[in-house]
Amino acid sequence: MRIAIIGGGPAGLYFAILMKRDRPAAQVTVVERNQADDTFGFGVVFSDATLDAFREADEPSYRAIAGSFAYWDDIEIHARGATHRIGGNGFCGCSRRTLLTLLQNRARQLGVVLEFGRDARPEDFPEADLIVAADGVNSPIRAAHADHFRPEIDLRPNRFAWMGSTRPLDAFNFFFEERPEGIFIAHAYQYEAGASTWVLETDPETFSRAGLDRMDEAQSARYMEGVFAEALRGHGLVTNRSLWRQFPTIRCGRWVKDNLVLLGDAKASAHFSIGSGTKLAMEDAIALHGAFLAGGDVATCLNRFETGRREEVEKTQHAADVSLVWFEHVRRFWNFSPARFAFGVMTRSKAITWDNLLLRAPDFVAEVQQAVAAETPGGDPARPPMFQPFALRGMTLPNRVVVSPMCMYSAEEGLPGDFHLVHYGARAMGGAGLLFTEMTCPAPDARITPGCTGLWNDAQQAAWTRIVGIAHAHGAKMCLQLGHAGRKGATKLMWEGMDQPLESGAWPIVSASALPYYPHSQVPREMTRADMDRVTAEFVAAARRGIAAGFDMLELHCAHGYLLASFLSPLTNHRADKYGGAVENRLRFPLEVFAAMRKAWPAGRPMSVRISATDWADGGITDEDALAVARAFHAAGADLIDVSTGQTVHDAEPVYGRMFQLPWADMLRNEAGLAVMCVGSITTADQVNTILAAGRADLVALARPHLTDPSFTLHAAAEYGVRGVSTPVQYGPGKDALFRNTQRAREDLMELRRKAKPASHAPAPLGRAAE
């Protein structure tokens, strides 16, 4: 087999090593445009788990790397005069030049041909069976075949520069410094004796105010020495092509073209804030090597590599994306208490959580828990964040867990029945602080489906009164969510075809504009002023019935493409009158409805609004729109913004994942200063605690977990040893047994997690470095 590798970085060299070792007869050539001892940057970083993978892939190169690295177990976060040191991380730093030299030596020992100082193209290797393009983040090969590889390059706004220092460090450090120009960040770690990497970062506005855009390399280094003078402790900064630039997040629609495959940064990049660039590249090499060892011709092996590796790469990129966005918006969190700020740094990528930190840094978690309690009226420092109270006007919730609104599509003519009584009653007994009704409609023609609940007549009001009474009897509060389906009305039950139009029995529908949801959906009539007056009156009448039923809180549904959401989104509002156009005009009718309801609703009871903070579609609601919408409802008297996304248009392209809607809740809470509830793929108590402790939301709504576990909150209370969760007295013996058994099971689980932690690769315990 003849293998040509273009690019002599870690990805190309490591793949050459693995293939030549296992296929000695193969002709493996690595061609690199730079000289053998040219390198840019300073150190690279690997975790214990990555080192495990290297040891399994090639023991000799692992031993060479392990003999040359600086190891640390701790992360230190320095911000606003406070330092937090969190252990149990397990990382090593290695000089990039040393790493390349070690890999070059190993490759030569195996018989790999290395050529330096030569630019190469795939066309230079017409006889090669396999060509690997490992030519870096600015890959000329990828660019030359862009129509095939379909690269997407997202140039992130923050500016960064890679510098070095002689300051010794015994932990991975995040230094945050505020100056009149703005906030500067340093990601710093030691990679060999007397040498540390300093990746310096700031937002574009601070970069410009500081004049860094007008400085040369040496001048910018001197300026940053002044910014981080305290952190550097008399040591200087060293440059090596330390140019300020923007990080390019790269994704490719394809990785393979005939016998040519992209590897490392050429195919996908991951932000330096999770230390993943070289790790990702070398793990690519391991995966590509494994794909060939599994057998088959070149095309089969390359297909196996791409299909098998893509998910893991995308997971790493997602974690990196979430991490980099946190640093881009560090100003949001700057005024947090130091402990909660540090907690946000640690948990920013979703890879590290409350429970994870509780296992390895219990003192730090205790400090964070105390900080959350201290900032909560009536807070209890003995309880984790999800079990802290939360007040909205005259309503105080015993905990932060919410049963999310979930349509059951099981009503008859809008009337909640026995199913609803059992459904809401069971969840009221499960310990959650607040239960939402499903979207309840103020009129028959406001329904999504024939199975939607309503609140337009006395029988419905009586049914809801009974349900609310059961919730109150068991210590839960209830929020009535009112909404109008708009253009998504007169559709089938979810399990018969979600959002599909009824084949018979449909009713006329209205919307902001005469645009059907699907091309084959019923075309709604554009609302007239008379329609608006009628619908507003229906909402107010339903709100008054909600007062009589005893609901503690009222929410107006302005999300998911329903009637009021159709006014807010430019994708569904094409009106030419004062209710269309700019966001202020698109807000006009939803605000009219809200104001009328707020006037009718008791002043001591809170109200919330559910919004879609993005449409997941080009031309839809922007972040600026979402902020304007949330602020406008808050000014009109909304006490809480319920932050959802999407479901506005049928061809939206949402990006799902754990807690995938959380960034918008975070934005509205920490930029607009509003109380928010987050929702969306939140499934565990650990996630709830992580979100709340990091200050990214005030309440956390869970939907699917409550469908299968009505006692989700009670089970979480047993996990964390929180006794004061309300449950029926009849269930007392079961609760006692649950707490006993759960505590034992949790202790066993924690021990298993300790044992499952990757083995430390530290050569010896590392003490505090001498200055």
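How many aromatic pairs does the structure hold? In this predicted model, the structure holds 37 aromatic pairs.

| Aromatic pair | Centre to centre | Angle of planes | Arrangement |
|---|---|---|---|
| Trp162 and Phe272 | 6.1 Å | 80° | edge-to-face |
| Phe594 and Phe633 | 5.7 Å | 75° | edge-to-face |

Trp162 belongs to strand β10 (residues 151-165), whereas Phe272 lies in the loop between β17 (260-262) and α10, so this pair ties together parts that are 110 residues apart in sequence. Phe272 has a relative accessible area of 11%, and it is therefore buried. In the other pair, Phe594 is part of helix α21 (residues 588-600) and Phe633 is part of helix α22 (residues 623-635), so the contact ties together parts that are 39 residues apart in sequence. Both Phe594 and Phe633 are buried.

Aromatic residues also gather in one cluster, whose members include Trp72, Phe91, Phe172, Phe174, Phe176 and Tyr189.

The strands concerned are β5 and β11 (residues 172-179), which run parallel and are joined by four bridges. β5 pairs with strand β6 (residues 82-86) as well, here in the antiparallel sense and over five bridges, with Ala79 standing opposite Ala82 in β6. Two residues lie between β5 and β6 in the hairpin that they form, and Arg80 in the turn has a positive phi of about 50°.

Strand β5 (residues 75-79) is itself mostly covered, since five of its five residues are buried. In a regular strand, side chains alternate between the two faces of the sheet. In β5, Ile75, Ile77 and Ala79 point one way while Glu76 and His78 point the other way, and all are buried.

Among the buried residues of α10 are Thr278, Leu280, Ala281, Leu288 and Phe292, together with Glu283, Asp284 and His289. After α10 comes Gly295, whose phi is positive, near 95°.

Key. Residues numbered from 1 in each chain as written. Predicted model: local features only at pLDDT ≥ 70, side-chain atom pairs only at ≥ 80, totals over all residues. Heavy atoms only, no water. Buried < 20%, exposed > 50% of the residue type's maximum accessible area, 1.4 Å probe, protein only. Pairing = 2+ DSSP bridges. Phe/Tyr/Trp six-rings, centres within 6.5 Å; stacked < 30°, edge-to-face > 60°.
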